[in-house]
Amino acid sequence: MNLVFLADVTDPFGRNHLILAATCILLIIALSILVAKSKIKFSTLINIMLILWVCSETTKLIGNMEYLLSDGSTIEIIKYQAKEGVSIVRAFYPRTQLPFHLCSIQPLFILVVKLSKNEKLKDTLLKFIFPTATLGAVIAILVGTVGGDFTDPHVYEYFFFHASLTIFAISIVTKKQITITLKSHLQTLLMIFLMFVGSIWLNSILSDTGAKSSGLYTNFFYSMKPPLEGLPVLNLNNGWFAYFFTIVGIGLFAITLLQLPFIIKSLKKDKQNIE
C-alpha cells in the first residue's frame, strides 16, 4: 500500500476504515459535548473507562491467543481445527499484542489515578494523559493499522476503544481536573520523550533481533519503524535516524500545539496576579 487512495476496501485508508473513522470522530464530538454539559462526575467517567478497558483487553486476549503446534506452525485459537498427527504444544499470547503502546498503557495510568491517594502523582498523570491520549488515540483512529474488516471483532474493539479514550482524555479538561501551565507542559514533553526512548529498549528486549520474520519483532510506540508502509514523511526512506527525529519532532510539536491555548491562558493569569 504505497498510495493510500488505492487501498482496498478493508485496508487502512480503505472505504471501511474511512466509515469507521468518521463514525468515531462524530461520536467523540457528540459525547465530549454531552459529557461537558452533563453533571456526570469525573470519578464515574474513570470507572466507565476502566470497564471499557477490561472489555477491550478481554476481546484482544480471546481474539489473539495462539497455539504452537507440534509441526512448528502457529494458529489463532479461535481458528484451530484438530489435525491427525499434529498436537498442541502450548498456548501463548503474541508479544506484539502486549499492552505497551502509548494508548494501551493509558488505562494503567487511569487506574493509578483512581487508586492513588497521592494528589501530586494524580495531577501529573492527568496532565500527561490529556494531550498524549487525545492525540495518540485520534491518530490511531485516522491511521487505522488494523484496517476495516467488518467481520473482525478486533476492528470494532480498536476503533471504539480509541474513541472512548479520546472522550475520556478531553473530559479531563472539560471537567476542570487540571490546570495546564508551561511547567506542566515541559514535564509532559520530558515524560513522553523518555517513554519513547525507553520503548527502544523494550522492543529490543521483546524481539528476536536478527530474525527474518517480522512477527518476531515488536514495535511499541512505533519507535522501530512506521505503523504502516507507504506513509508520507513517516517512513524509513532516509534511514532510521531521520525517522526517529521526525516522529519525535511531530509528537512534541503536536502536544505543544494542543496545549498552547492553555499555556497562554495560564501565563496571562500569572501576569495579572503579579500586577
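Me: Why is Phe-221 called buried?
Reply: Happy to start there, with the note that this is a predicted model. Phe-221 has a relative accessibility of 11%, and buried means under 20%, so Phe-221 counts as buried. Phe-221 sits in the loop between α6 and α7.

Me: What makes the phi of Phe-221 worth a remark?
Reply: Phi of Phe-221 is near 65°, a positive value in a residue other than glycine. Phe-13 is another such case, with phi near 75°.

Me: And is Phe-13 buried, partly exposed or exposed, and how do you know that?
Reply: Its relative accessible area is 22%. The buried class ends under 20% and the exposed class begins over 50%, so Phe-13 is partly exposed. Phe-13 lies in the segment before α1.

Me: Which class does Ala-30 belong to, and why?
Reply: Ala-30, a residue of helix α1, has 44% relative accessibility. That value falls between the 20% and 50% limits, so Ala-30 counts as partly exposed. If you like distances, Ala-30 and Ile-167 are 137 residues apart in sequence, with 9.5 Å between their C-alpha atoms.

Me: Why is Asn-203 called buried?
Reply: Asn-203 has 1% relative accessibility and the cut-off is under 20%, so Asn-203 counts as buried. You will find Asn-203 in helix α6, which covers residues 182-206.

Me: What makes the pairing of the Asn-203 and Thr-218 side chains a polar contact?
Reply: The two side chains come to 2.8 Å, and a polar contact needs N or O atoms within 3.5 Å, one able to donate a hydrogen and the other to accept it. The pair therefore qualifies as a polar contact. The backbone nitrogen of Asn-219 also lies 3.3 Å from a polar atom of the Asn-203 side chain. Beyond its neighbours within four places in sequence, Asn-203 is in contact with residues including Phe-220, Ser-223 and Met-224.

Me: What makes Ser-73 partly exposed?
Reply: Its relative accessibility is 29%, which lies between 20% and 50%, so Ser-73 counts as partly exposed. Ser-73 belongs to the loop between β1 (66-69) and β2 (74-76).

Me: How do you know that Ser-73 and Asp-71 make a polar contact?
Reply: Their side chains are joined at 2.6 Å, and the limit is within 3.5 Å, so this pair counts as a polar contact. Setting aside neighbours within four places in sequence, Ser-73 is in contact with Tyr-67 and Leu-68.

Me: Which residues of the largest nonpolar core touch the most other members?
Reply: Among the 50 residues of that core, they are Ile-110, Ile-129, Leu-165, Phe-168 and Ile-172. Helix α5 gives the most to this core, with 10 residues. Leaving aside neighbours within four places in sequence, Ile-129 is in contact with Ile-110, Phe-168 and Ile-172, among others.

Notes:
Residues are numbered from 1 along each chain as its sequence is written. This is a predicted model: local features need pLDDT of at least 70, side-chain atom pairs count only at pLDDT 80 or more; totals for chains, interfaces and linings use all residues. Side-chain values use heavy atoms; hydrogens and water are left out. Helices (H or I, at least four residues) and strands (E, at least two) are DSSP runs, numbered from the N terminus. Buried means under 20% relative accessible area, exposed over 50%, partly exposed in between (1.4 Å probe, protein chains only). Contact means heavy atoms within 4.5 Å. A nonpolar core is a set of buried Ala, Val, Leu, Ile, Met, Phe, Trp, Tyr and Cys residues joined through side-chain atoms within 4.5 Å.
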